Amino acid sequence: MSAQIFPRNANAIFLASLFGLVMLVVGIVAAMVGFYLSPWYTDVGIAPAQPVPFSHKHHVSELKIDCRYCHATVEKAATAGFPATETCMSCHSQVWTTSPLLEVVRTSYQTGEPVVWNRIYDLPDFVYFNHSVHVAKGIGCSSCHGRIDQQQLAAKAQPLYMGWCLGCHRAPEDYIRPREEVFNMEWDVNALSLAQRQQLVIEYQIPTDGRLTNCFVCHR
Amino acid sequence: MVQSVRRSIFTRIARLAWLPLCLLLVACHVDMYDQPKYKPNDVSSFFPDGRAMQPPPANTVPLNSYNPNSPLMTGRIEGQLADQLPPEIKLDAALLAHGQSRYNAFCAPCHGLVGDGNGVIAYRGPMTVTSLHNDRLRTVQIGYFFDVITNGIGKMYSYAARIPPEDRWAIAAYVRALQLSQNADVTLLTEAELQQVRAGR
Amino acid sequence: MSHAHAQSEGPSAESLALNHEVSDARAQPVIWGVVMVAGTMVLAFVLAMVLLVVWVGPVADQSNTLSNDEVTQLQLPPAPRLEQNPRVDGDRIIAEATERLESYGWVNERAGRAHIPIERAMELLLEHGLDAVK
């Protein structure tokens with residue numbers, strides 16, 4: 001009678017380690033995917049520090065200031081237009097004139113040195129994005145920027161992955177709204193039926209023949 | 001013989017099948033994400049003031065733009081405030097609708113949607129905002145509104161940088177519509193409307 | 001139920017004869033454990049949802065009024081006071097203005113001046129020209 005080579009629980013350990021190995025591989029893949037989609041990588045929902053703690057919630061939701069008051073070129077140009085110091089001062093020369101939080105703005109207005117804000121939406125340089133065409137074709141601010149009127153400090157609402165862009169370029173009728181409602185933060189897409197939204201797609205002459213998903217539409 | 005040579009070529013090629021895996025490494029390059037070019041609002045290390053967007057030099061006008069001394073751009077005819085729209089601007093429903101959207105975006109925060117000076121900012125801020133509904137502003141030339149938007153007045157800053165001249169005229173026309181809506185001569189109204197006025201609905 | 005564990009310590013005679021273990025680890029308890037953990041998670045999730053649904057309503061205050069009880073009123077500073085809910089005030093101002101711009105009514109009955117909806121005013125302005133205001 002020879003001694004047993006394997007202890008009694010060897011079978012169990014073998015099974016467990018097989019299982020563990022599979023789970024390890026699956027787990028590593030899942031962790032990488034999770035990291036790729038998480039705010040650690042995408043910065044979604046993370047408000048970077050800014051020279052002035054500007055609150056969109058206060059200015060949009062409470063003071064009812066239109067988006068275009070500050071982002072004045074959004075209907076005409078590729079960029080929404082970052083407000084000049086003068087725009088801030090058109091109110092804050094009267095309101096909150098002694099606040100230490102606005103010292104940066106007042107100094108900038110006096111010296112002409114721009115306030116350096118930290119960019120929140122940083123598209124890769126090989127992507128050409130134009131705000132004006134989206135606004136003109138009935139894609140609302142909140143479709144991409146989320147409920148920024150409820151954010152005290154501005155943070156990214158979308159990771160800006162290409163699949164997300166394509167989701168809308170493939171099916172604009174799922175996101176479109178009437179032009180008059182583009183700047184309405186509270187607009188719900190489902191306020192219009194699918195048929196009505198498809199009608200808008202036709203009315204605004206949005207191509208539905210697949211042209212919108214051509215590479216060169218954004219990468220040119 | 002020939003076959004074995006061919007097979008050895010095939011095996012050699014087959015051995016290189018791992019090469020496409022190198023493509024996976026390509027995605028790690030981020031050079032194209034941040035190209036050496038300026039986009040709007042970038043910080044610049046080239047220009048001394050640190051701005052990629054350079055302010056235009058003094059006394060320059062945009063290419064293809066209008067005569068900077070024309071009524072369209074100044075709101076004045078031979079130095080006097082214009083009492084009508086410039087020839088380039090046509091008074092129609094589209095102009096008024098456009099003016100309404102501009103007015104509600106840029107003017108309403110202080111002057112109020114009605115134009116009575118009771119905007120949300122005026123309600124909160126320590127200031128008195130001019131109402132558009134008084135005899136002085138009802139009888140003033142329309143160029144006055146253009147002039148005020150362009151150059152500012154009193155505590156009001158210039159909005160020339162944010163509102164292009166055509167839009168300023170649209171706003172001026174819409175202000176006239178606002179004034180009419182709050183001070184309409186009842187002789188202009190129909191009998192049915194008169195009933196509604198009397199009923200206050 | 002668990003005949004494997006009921007056996008005495010040490011290798012069984014059969015496994016000694018074959019020089020390896022003949023009985024496998026039992027998967028049933030492991031599966032049961034996983035199911036129980038998953039079940040607990042789902043239950044906790046549902047419970048948290050119910051609590052949120054019940055509580056979130058009152059947490060987001062939509063009101064703009066102070067309570068009328070004496071203690072609160074005595075503690076208040078003289079007016080003008082801080083806004084309690086600026087959003088409600090903003091909504092009210094916008095709503096009032098919109099209502100004004102959509103209704104008829106007298107401004108000065110003796111002078112024969114009325115306020116009319118803005119849409120109608122725009123029509124009249126197009127009809128009578130910019131000087132209709134004067």
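Reader: What pattern does chain C follow when it is read along the sequence?

Author: In this predicted model, chain C runs α-α-α-α-α-β-β-α along its sequence, which amounts to six helices and two strands. Of its 134 residues, 11% count as buried, and among its contacts with a separation of 6 or more, 13% are between residues 24 or more positions apart.

Reader: How far apart do domain 1 and domain 2 of chain C lie?

Author: The domain assignment places domain 1 at residues 10-58 and domain 2 at residues 84-133 of chain C, and the C-alpha centres of these two domains are 69 Å apart.

Reader: What does Tyr104(C) touch, not counting residues up to four places away in sequence?

Author: Its contacts include Glu193(B), Gln196(B), Val197(B) and Arg201(B) of chain B, together with Ala114(C), His115(C) and Ile116(C) of its own chain. The C-alpha atoms of Tyr104(C) and Ala114(C) are 7.1 Å apart, although ten residues separate the two along the chain.

Reader: What makes β3(B) and β2(C) a pair of strands?

Author: Pairing requires at least two bridges between the strands, and two bridges join β3(B) to β2 (113-115) of chain C, so the two strands qualify as a pair. They run antiparallel, and Ala184(B) has Ala114(C) as its bridge partner in β2(C).

Reader: Which residues make up the side of chain B that touches chain A, by class?

Author: Here 21 residues of chain B meet 22 residues of chain A, with α4 and α5 of chain B each supplying at least two residues of the chain B side. The largest share of that side, four residues, comes from α4(B), and its residues divide into twelve nonpolar, four polar and five charged.

Reader: Why is helix α7 of chain B described as largely enclosed?

Author: Eight of the ten residues of α7 (142-151) in chain B are buried, so the helix is largely enclosed by the rest of the structure. The buried residues are Ile142(B), Gly143(B), Tyr144(B), Phe145(B), Phe146(B), Asp147(B), Val148(B) and Ile149(B), and they pack against β1 (76-77), β2 (80-81) and α8 of chain B. After α7(B) comes Gly152(B), which has a positive phi near 75 degrees.

Reader: What is the helix content over residues 12-37 of chain A?

Author: The unreviewed UniProt entry lists residues 12-37 of chain A as "transmembrane region". Over this stretch of the model the chain is 100% helix and 0% strand, and its end C-alpha atoms are 36 Å apart.

Note on methods: Residues are numbered from 1 along each chain as its sequence is written. Chains are lettered from A and ligands numbered from 1 in the order in which they are written. This is a predicted model: local features need pLDDT of at least 70, side-chain atom pairs count only at pLDDT 80 or more; totals for chains, interfaces and linings use all residues. Two residues are in contact if their C-beta atoms, placed from the backbone, lie within 7 Å. A residue is buried if 20 or more other C-beta atoms lie within 10 Å of its own, exposed if 12 or fewer, and partly exposed in between; C-beta atoms are placed from the backbone. Domain bounds come from an automatic or database domain assignment. UniProt positions are given in the numbering used here, feature names are shortened, and annotations may be inferred rather than shown by experiment. Ala, Val, Leu, Ile, Met, Phe, Trp, Tyr, Cys and Pro count as nonpolar, Asp, Glu, Lys and Arg as charged, and the others, Gly among them, as polar.
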